[in-house]
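Take a look at the structure below.

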Amino acid sequence: MASASTSSAQNLLIQPIAADLNAVDTVIRQKLHSEVALVNQIAEYIISAGGKRIRPVLVLLIANAYSYRGTDHHQLAAVVEFIHTATLLHDDVVDESSLRRGRKTANALFGNAASVLVGDFLYSRAFQMMVSVGDIRIMQILADATNVIAEGEVLQLLNMHDPDVSEERYTQVIRSKTAKLFEAAAQLGALIAGASDEEIEAAAEYGRSLGTAFQLIDDVLDYSGQADDIGKNVGDDLREGKATLPLIYLMEHGTAEQRELVRNCIENGDEQHFDAVLFAVTTSGALDYTKRKAEEAAARASASIITLPDSQFKDALLKLSTFAVHRNH
């Protein structure tokens with residue numbers, strides 16, 4: 001469960017679009033329906049777990065910032081959430097995760113096969129919904145994003161248990177796996193509001209950089225967070241053999257003993273030495289370095305929308321950049 005201060009900050013961010021978010025929730029409930037009971041059960045379980053809903057929030061805030069009047073942004077925000085939820089279902093199966101958002105993962109409760117297939121259902125439902133909006137550029141953005149995300153998943157799989165992953169290779173995974181859907185969400189908000197190509201690209205940069213900042217802080221929280229706050233088991237990345245940026249930094253700047261410890265843990269998915277790795281990560285400056293990288297990404301996000309007209313929605317987008325790096329979940 002997230003701390004009160006972080007939840008309060010998040011609630012302030014979404015106040016300007018509270019009515020829009022309620023409308024998106026209505027769309028989600030309607031579009032989740034299936035004649036297959038197990039689909040309804042798993043999809044409802046995942047969606048009802050909540051989460052920050054940052055990607056739908058991006059669609060709504062940017063559409064409103066460009067004075068959009070209509071309801072298609074509700075549909076597109078739901079599409080983005082469905083794509084994201086599908087990736088979570090598949091991720092948890094691949095990573096053999098048991099905890100997400102403070103609850104058992106769907107694969108832990110319903111099994112891997114059901115989770116993968118319901119993830120497929122959510123992907124295909126998302127594509128049905130985007131087609132109904134009837135804009136070829138929207139379909140192109142979302143089709144491209146979904147394809148890049150899939151590539152990012154494969155890239156991450158190739159990097160698993162590889163202690164020689166470079167910062168460049170890891171950044172490529174972040175851009176594909178995480179930042180791409182943030183980018184698409186922001187683009188959709190601008191596009192549907194009739195923004196210029198230049199403004200759509202600025203929105204894309206905002207989403208890309210914001211998504212990068214969020215992922216880097218997630219990397220930090222996997223070593224410094226509390227399970228109750230982050231909603232998953234601390235140390236999951238190490239158990240899964242993921243060489244995230246804190247470990248990559250430690251491998252490059254730590255002592256020979258620390259490098260050997262991290263190498264063995266990544267190769268073997270060894271979480272038994274988590275405390276020793278955490279001490280090394282903390283004392284080497286690896287977490288501070290990762291936070292600085294996140295702050296740089298958040299600053300790029302804020303700079304990209306500086307020409308947006310002043311409004312409560314622009315203010316919320318700027319605060320969202322700050323929230324990305326000052327959160328505990």
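Q: Why is alanine 18 called partly exposed?
A: This is a predicted model. In it, alanine 18 has a relative accessibility of 35%. Buried means under 20% and exposed means over 50%. The value of 35% lies in between, so alanine 18 counts as partly exposed.

Q: Where is alanine 18 placed, and what separates its C-alpha atom from that of aspartate 197?
A: Alanine 18 is in helix 2, residues 18-32. The two C-alpha atoms are separated by 28 Å, and the residues are 179 apart along the chain.

Q: What makes glutamine 258 buried?
A: Its relative accessible area is 18%. The cut-off for buried is under 20%, so glutamine 258 is buried. Glutamine 258 sits in helix 14, residues 256-268. Beyond its neighbours within four places in sequence, glutamine 258 is in contact with Leu250, Ala280 and Thr283.

Q: How do you know whether lysine 180 is buried or exposed?
A: Lysine 180 has a relative accessible area of 19%. Buried means under 20%, so lysine 180 is buried. Lysine 180 belongs to helix 9. Leaving out neighbours within four places in sequence, lysine 180 is in contact with Ala145, Val148, Ile149 and Arg175.

Q: Why is asparagine 107 called buried?
A: The relative accessible area of asparagine 107 is 11%. That is set against a limit of under 20%, so asparagine 107 is buried. Asparagine 107 lies in helix 6, residues 106-110. Neighbours within four places aside, its contacts are Asp92, Val93, Glu96, Ser97, Asn112 and Ser115. Valine 94 is 13 residues away along the chain, with 9.9 Å between the C-alpha atoms of the pair.

Q: Why are helix 16 and helix 17 called roughly antiparallel?
A: Helix 16 (residues 286-304) and helix 17 (residues 312-325) pack at an angle of about 175 degrees. Angles over 145 degrees count as roughly antiparallel, so that label applies to helix 16 and helix 17. Their axes are 9 Å apart.

Q: Which residues make the contact of helix 16 with helix 17?
A: Helix 16 brings Ala294, Glu295, Ala298, Ala301 and Ser302. Helix 17 brings Leu318, Ser321 and Val325. By class, the contact has five nonpolar, two polar and one charged residues.

Q: Which residues line the second largest cavity?
A: The lining is Ile62, Tyr66, Glu199, Ala202, Ala203, Ser304, Ile305, Thr307, Leu308 and Leu317. Helix 10, residues 197-224, gives the most, with three residues. The lining divides into seven nonpolar, two polar and one charged.

Q: What is the volume of the second largest pocket, and which residues are the closest to its centre?
A: The second largest pocket has a volume of about 240 Å³. A pocket is an open set of points. Of its 15 lining residues, Thr171, Thr212, Leu216, Lys293 and Arg300 are the closest to its centre.

Q: Which elements give two or more residues to the lining of the second largest pocket?
A: They are helix 9 (167-192), helix 10 and helix 16. Helix 9 gives the most, with six residues. By class, the pocket lining has five nonpolar, three polar and seven charged residues.

Notes:
Residues are numbered from 1 along each chain as its sequence is written. This is a predicted model: local features need pLDDT of at least 70, side-chain atom pairs count only at pLDDT 80 or more; totals for chains, interfaces and linings use all residues. Side-chain values use heavy atoms; hydrogens and water are left out. Axes are lines fitted to C-alpha atoms, for helices over the stretch in contact, and angles run from 0 to 180 degrees between N-to-C directions. Helices (H or I, at least four residues) and strands (E, at least two) are DSSP runs, numbered from the N terminus. Angles under 35 degrees count as roughly parallel, over 145 as roughly antiparallel, 65 to 115 as roughly perpendicular and the rest as oblique. Contact means heavy atoms within 4.5 Å. Ala, Val, Leu, Ile, Met, Phe, Trp, Tyr, Cys and Pro count as nonpolar, Asp, Glu, Lys and Arg as charged, and the others, Gly among them, as polar. Buried means under 20% relative accessible area, exposed over 50%, partly exposed in between (1.4 Å probe, protein chains only). On a 1 Å grid over the protein atoms alone, a cavity is a set of points where a 1.4 Å probe fits but cannot get out, and a pocket is an open set with protein on both sides within 12 Å along at least five of seven lines; lining residues have an atom within 4 Å of a point. Grid points are joined across faces, edges and corners, and a volume is the space filled by probe spheres set on the points.
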